[in-house]
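User: Can you take me through some side-chain contacts and charged pairs in this one? I'll ask as we go.
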Amino acid sequence: MAEKVIMPQLGESVTEGTVTKWLVNAGDQVKKYESICEVTTDKVNAEVPCTFSGTISEILVAEGETVSVGAVICYMKLDAEEEAPVNVIAATHIEIPKKQVDAPVQREGKMRFSPAVLNLVQKHNLDPAMIQGTGAEGRITRKDILEIIEGKRQVAATIVQEAKVPAAPPSRPKEYVTEAEKTPVSPDVSSSAIPINTGDQIIPHTAVRKTIANRMLQSKSEVPHASIIVECDVTNLVRYRNEVKEEFMKKEGTNLTYLPFFIRSVVEALKEFPILNSQWTDDHIIIKKAINISIAVATDDALFVPVIKDADQKSILGLAKAADELAKKTREGKLTLEDMTGGTFTVNNTGSFGSILSTPIINIPQVAILSFEAIVKRPIVIDNMIAIRDMMNICLSLDHRVLDGLVCGRFLQSVKKKMESYGPDNRLF
């Protein structure tokens with residue numbers, strides 16, 4: 001008996017996944033709980049285990065193909081002693097009544113939507129009755145909606161509410177037309193119309209790259225960004241770290257970077273100004289009790305933001321080990337859903353690759369992100385005398401719906417004070 005194997009829901013808000021690699025072929029014998037493929041979502045990379053033993057009879061989804069949660073990815077023939085699974089993982093969905101308009105797409109019963117799809121439909125005033133879904137049983141996926149929004153697909157009539165078209169202005173005599181109006185305006189050029197010349201390199205979008213692009217676009221389009229930059233004198237921190245880093249490595253087996261010091265300063269400042277450890281919703285602002293610090297970790301072709309949970313309960317040593325472990329898991333492609341969720345504030349160590357000034361994009365639904373830039377020796381005037389000091393910029397991007405300059409300025413001054421006060425009196429353990 002052939003049974004369906006479906007795309008599982010790897011996270012509460014995940015609505016689709018990309019099969020990045022098949023670990024089996026048609027005809028292969030598979031044991032219960034053995035992984036059959038690797039899947040990438042906007043949350044995590046994961047291997048999909050089989051819930052019963054049998055033989056792969058047919059693979060339906062090619063490597064690199066994105067399908068909705070609940071879509072059939074392959075068929076299996078059960079072993080004789082196996083029973084068909086009672087439950088399958090299906091997409092979380094919301095049912096809304098079907099709306100009939102001109103030339104609707106024919107579907108039976110009610111249409112089902114994931115929360116992400118419903119949000120896009122409502123936000124862009126689209127009529128789902130006019131959209132042909134490509135998901136299982138004609139279901140509309142997030143990819144379908146994005147293709148329509150980006151102009152890659154045409155639908156008969158996608159606007160639910162009719163827009164009032166203003167009447168054309170009356171014609172004017174030729175002599176009254178301004179020079180600006182005579183100047184021809186070049187039409188907007190979509191990315192799909194960009195010419196490809198001989199020798200150009202084409203790099204297909206990966207699922208991770210698409211996710212990063214969508215998240216950054218959403219953050220910049222929905223959040224009113226503002227930035228504040230403060231300069232820190234971290235001479236004492238540099239001196240202190242140089243004194244203890246070799247002993248720290250011998251004793252703990254972990255490199256003592258500047259990052260745990262940065263995180264510790266942020267955590268202590270967040271306790272003083274908890275509004276920066278909050279999230280915006282349409283109805284209210286949520287100040288989070290837990291302080292979970294997201295850290296930006298770059299690979300050769302992507303950026304991930306794993307989370308150090310309960311960072312306020314960790315010492316410098318604890319933060320160093322947590323950051324090192326997450327960085328290793330990121331580079332090895334072993335991050336789990338737990339590693340990637342729950343962040344309340346993001347710390348970005350852009351100084352590690354030489355940046356001296358940056359304005360980072362907020363990691364929504366968080367309301368702020370703080371970048372620590374490169375430490376550079378510069379001449380500074382102290383008590384009317386010139387001294388060579390180790391200086392560093394810290395750059396805060398803030399959500400102006402929630403935060404204002406006064407509280408953010410005070411927060412940065414608190415971080416600055418803590419950064420400048422590190423020395424032998426601070427405990428590492």
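User: What does the side chain of Glu373 make a polar contact with?
Analyst: The side chain of Ser355, at 2.6 Å. A polar contact is a pair of N or O atoms within 3.5 Å; within protein, one must be able to donate a hydrogen and the other to accept it, and residues adjacent in sequence count only if both atoms are side-chain atoms. This is a predicted model: local features need pLDDT of at least 70, side-chain atom pairs count only at pLDDT 80 or more, and totals for chains, interfaces and linings use all residues. Residues are numbered from 1 along each chain as its sequence is written, and side-chain values use heavy atoms, with hydrogens and water left out.

User: Where is Glu373 found?
Analyst: In the loop between β19 (368-372) and β20 (376-382). Strands (E, at least two residues) and helices (H or I, at least four) are DSSP runs, numbered from the N terminus.

User: Which side chain of opposite charge is nearest to Glu373?
Analyst: Arg378, 12 Å away. Glu373 is buried and has no salt bridge. Buried means under 20% relative accessible area, exposed over 50%, partly exposed in between (1.4 Å probe, protein chains only). Lys and Arg count as positive, Asp and Glu as negative; His and the chain ends are not counted.

User: How many salt bridges does a search of the whole structure find?
Analyst: Twelve. A salt bridge is a side-chain nitrogen of Lys or Arg within 4 Å of a carboxyl oxygen of Asp or Glu.

User: What does Lys321 form a salt bridge with?
Analyst: Glu252, with the closest N and O atoms 3.3 Å apart. That pair links distant parts of the chain, 69 residues apart: Lys321 is in helix α7 (residues 316-331) and Glu252 in helix α5 (residues 235-252). Lys321 is partly exposed, at 37% relative accessible area.

User: And how many residues apart are Arg264 and Glu268?
Analyst: Four, in helix α6 (residues 259-272), so about one helical turn separates them.

User: Is Lys416 buried or exposed?
Analyst: Buried, with a relative accessible area of 19%. Lys416 forms a salt bridge with Glu420 at 2.9 Å between the closest N and O atoms. Both lie in helix α9 (residues 405-420), four residues apart. Glu420 counts as partly exposed at 26%.

User: Changing topic, where is Cys37?
Analyst: In strand β4 (residues 35-40). Cys37 is buried, with 0% relative accessible area. The C-alpha atoms of Cys37 and Trp22 are separated by 4.3 Å, and the two residues are 15 apart along the chain.
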